[in-house]
Amino acid sequence: MDSTAIAQSQTVPHEPSYHSLSLSEIQENYQALHEKLRGSDVAYTMYHTFHDKLSLLPDIEITNCVCLGLGSLTGVEGQRLSALDVERREDSLHQLVVLTMILDTDLLGAKHAIRNAWFQEPCFSQTDKIFLKGLGFIAPQFPTAMEKITSNTFLFAPRVSYYVIFEVFTACHPALYIGNRLDQLVKQLSGTVATHSLDPLPLMVLETMTRFKDASRMAPLPVLEDSPYSWTRVTGIHWLRKEGEGGTPAEHSEQEGGLNCQESRE
């Protein structure tokens, strides 16, 4: 190599190499982020949100958790990842850490005996599933997690398409839902309905989302002001209103939007 080539190789920065993560790398990243969040203001605010606000939950026992659309924690195995892929992977890990903190005995687990947590994500790699199993979670080979959602379910589904959430809400009203803020979704869907008046589906989705919003109370997910995780800014904690509580009554028939559903099948 001549001196010119050597000089160029020394001055031109190399693009970072993005790769899928191994099991040990995921475990290390998870542990580091978990320890960081447990000592943060977010954990403190989360504690008070669940103890002060969710103590208002109706007399419903939450017996299982279903997580939809977490995203891969490893990235696509054997492929070079883009910067966007890496950002999404970091978001997925952050979501998982927040979820495990919520399920902890100091928060939701303090009052509810949550027996199983089911995960459904088409992008999961085998390494993802092994890691989740190590945490005591269930990531079935076939997409069966949605079948586990009942009126006793804690549904964790940030950033999931509102058409998927619509499908869930049409069949059932989970006791607790953490996902895209319903007030923002209803506002967005109102604009969609106005511009697609000939398509009945957006109107059906809007009506279902509105009924669920009116039957629930909501608190924004606690976040740090400088948080790099974009999903936290559009996520709300939604839980059923008590009967007779202010706002729209929580009593709705299945024909009016499916807000009532069978008790836990587990």
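The disulfide count here is zero, where a disulfide is a pair of cysteine sulfur atoms within 2.5 Å. Before I go on: this is a predicted model, in which local features need pLDDT of at least 70 and side-chain atom pairs count only at pLDDT 80 or more, while totals for chains, interfaces and linings use all residues. Residues are numbered from 1 along each chain as its sequence is written, and side-chain values use heavy atoms, with hydrogens and water left out.

Back to the cysteines. For C67, the closest cysteine sulfur is that of C65, at 6.5 Å, which is too far for a bond. C67 is buried, with a relative accessible area of 1%; C123 is exposed, at 52%. Buried means under 20% relative accessible area, exposed means over 50%, and partly exposed is in between, with a 1.4 Å probe and protein chains only.

What does L99 touch, apart from its neighbours within four places in sequence? L99 is in contact with C65, C67, F119, F154 and F156, contact meaning heavy atoms within 4.5 Å. The C-alpha atoms of L99 and C67 are separated by 8.8 Å, and the two residues are 32 apart along the chain. L99 has 0% relative accessibility, so it counts as buried. It lies in helix α4. Helices (H or I, at least four residues) and strands (E, at least two) are DSSP runs, numbered from the N terminus.

Next, the cores. A nonpolar core is a set of buried Ala, Val, Leu, Ile, Met, Phe, Trp, Tyr and Cys residues joined through side-chain atoms within 4.5 Å. The largest one has 43 residues, and F50, L96, F119, F154 and L176 have the most contacts inside it. Helix α4 supplies the largest share of this core, eight residues. A second, separate core has 24 residues, including V66, I149, I165 and V168.

Last, helix α5, residues 126-134. Its buried residues include T127, D128, F131 and L132. Why do they sit on the same side of α5? They cover an arc of only 135° around the axis, which puts them there; the arc is that of the directions from the helix axis to the C-beta atoms. Among the elements covering these buried residues are α2 (23-38), α4 (83-103) and β2 (116-120). The face turned away from the buried side carries Q126, K133 and G134, which are exposed. After α5 comes G136, with a positive phi near 90°.
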